[in-house]
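Please look through the structure shown here before reading on.

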Amino acid sequence: WEMACGGGFKFGWKWLKTKCDVICESPTFYYFMNILIVLNVIFMMCERFDQPTWMDNVFKYTDLLFTVSFLFEAVVKIISLGFASFFRDNWNRLDLFVVVTSVMGLGLEVAERRLPINTTMLRVLRILRVVRVFKLMKVAVGVRSLLTTVSKSTSHVGNLCILLLLLFYISAAMAVEMFGMLTCNKDTPCYGLNEFANFRNIGYAMLTLFQVSTGDNWGGILRDVLRKAPLCDTSADCKENCCSNPQATTFFFAVFVILAQFILLNVVVAVLMKHLSEAMEQQHEESQSVTSAPITEQDLEEGE
């Protein structure tokens with residue numbers, strides 16, 4: 001479309017796209033949006049339970065300001081880059097997701113005053129505001145490189161995670177057979193096992209083994225499973241609170257901790273570090289190739 005003004009000034013889609021290109025390429029706009037992202041994160045950190053009314057009003061209007069600013073940024077980028085180029089970048093998709101959830105949250109807040117809106121959906125949209133923190137990743141180039149490295153190494157790390165899951169599953173099945181009959185009461189108190197950390201079924205056993213792999217009070221769990229008579233039953237036909245074999249128990253936990261805590265998790269870290277070093281070397285080689293590229297006659301003609 002085109003619209004004529006009093007002085008014969010005309011503007012249309014090309015004029016609008018040109019202006020959006022100028023805004024997107026402007027360093028001032030870039031730094032201004034980064035400052036808004038940091039301020040948004042700071043304001044989100046300041047929210048607290050049972051805050052006074054004036055703080056509610058401040059956060060409400062600042063959230064509106066941030067939402068409008070991010071919406072303006074997304075619209076300008078879409079006009080400048082076009083839909084195809086805009087959605088080709090994952091960071092742009094993240095920005096658009098943040099904008100859409102923020103606008104939906106504001107819309108539901110306004111509609112809540114007039115219509116019977118389900119508050120659960122409103123809470124979910126408010127929680128999704130935390131996704132705005134990821135916009136800081138665009139500012140930190142090093143963090144972006146790390147995220148790119150993690151995404152490229154997903155296949156290798158995924159295979160290691162499957163192997164780690166198999167280790168937990170097999171160990172949990174063995175633990176249920178070995179320690180599933182242990183009980184905790186006044187006569188036989190527990191120092192690590194409780195209602196949620198036990199070996200009564202494979203689900204709780206995997207959760208307990210995960211606690212052991214993190215080193216959280218696993219000494220107390222080991223003390224409970226190594227209990228001896230009269231704190232446990234040593235009979236062959238034991239049905240409840242049965243004693244375990246101390247040698248087998250010690251060997252089981254030693255092997256599990258070595259495999260889960262010291263080998264497999266360190267292998268995952270090693271894979272990530274390998275891909276990170278390769279990515280840094282590739283970036284260094286690309287920067288060197290750009291700086292050392294010879295100047296051709298075509299470059300000189302373009303410069304003239």
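**Briefing on the predicted model**

Helix α7 (residues 154–179) contributes the largest share of the nonpolar patch, namely six residues; helices (H or I, at least four residues) and strands (E, at least two) are DSSP runs, numbered from the N terminus. The model is predicted, with local features needing pLDDT of at least 70 and side-chain atom pairs counting only at pLDDT 80 or more, while totals for chains, interfaces and linings use all residues. Residues are numbered from 1 along each chain as its sequence is written, and side-chain values use heavy atoms, with hydrogens and water left out.

**Nonpolar surface**

- The patch covers about 650 Å² and is made by I162, L163, L166, Y169, I170, M174 and I202.
- Patches are made of residues with over 30% relative accessible area and no salt bridge, where like charges are joined within 9 Å and nonpolar side chains (Val, Leu, Ile, Met, Phe, Trp, Tyr) within 5 Å; a salt bridge is a side-chain nitrogen of Lys or Arg within 4 Å of a carboxyl oxygen of Asp or Glu.
- Accessible areas come from the Shrake-Rupley method with a 1.4 Å probe, and for residues only the protein chains shown count as cover.
- L163, which lies in helix α7, counts as partly exposed because its relative accessibility is 44%; buried means under 20% relative accessible area, exposed over 50%, and partly exposed in between (1.4 Å probe, protein chains only).

**Aromatic rings and charges**

- The structure holds 13 aromatic pairs; rings of Phe, Tyr and Trp (its six-membered ring) pair if their centres lie within 6.5 Å, and planes under 30 degrees apart count as stacked, over 60 as edge-to-face and the rest as tilted.
- F83 and F87 are stacked, because their ring centres are 6.3 Å apart and their planes stand at 10 degrees.
- Both F83 and F87 lie in helix α3 (residues 53–88), where they are four residues apart, about one turn of the helix.
- F83 is exposed, with a relative accessible area of 57%, whereas F87 is partly exposed, with 31%.
- One aromatic cluster is formed by F179, F199, W218, F252 and F253.
- K60 lies over the face of Y61, at 5.3 Å from the ring centre, and R223 lies over the face of Y191, at 3.7 Å from the ring centre; a charge sits over a ring if NZ of Lys or CZ of Arg is within 6 Å of the ring centre and within 35 degrees of the ring normal.

**Cysteines**

- The count comes to three disulfides, a disulfide being a pair of cysteine sulfur atoms within 2.5 Å.
- C184 is joined to C190 by a disulfide (S to S 1.7 Å), and this link is left-handed, with -90 degrees about the S-S bond.
- C232 is joined to C243 by a disulfide (S to S 1.6 Å), which is right-handed because the torsion about the S-S bond is about 100 degrees.
- C232 and C243 both lie in the loop between α9 (218–225) and α10 (246–291), so the pair ties together parts that are 11 residues apart in sequence.
- C232 counts as buried at 7% relative accessibility, whereas C243 is partly exposed at 23%.
- C238 is joined to C242 by a disulfide (S to S 1.9 Å), and its torsion of about -100 degrees makes the disulfide left-handed.
- C20 is in no disulfide, and the nearest cysteine sulfur, that of C24, is 6.5 Å away.
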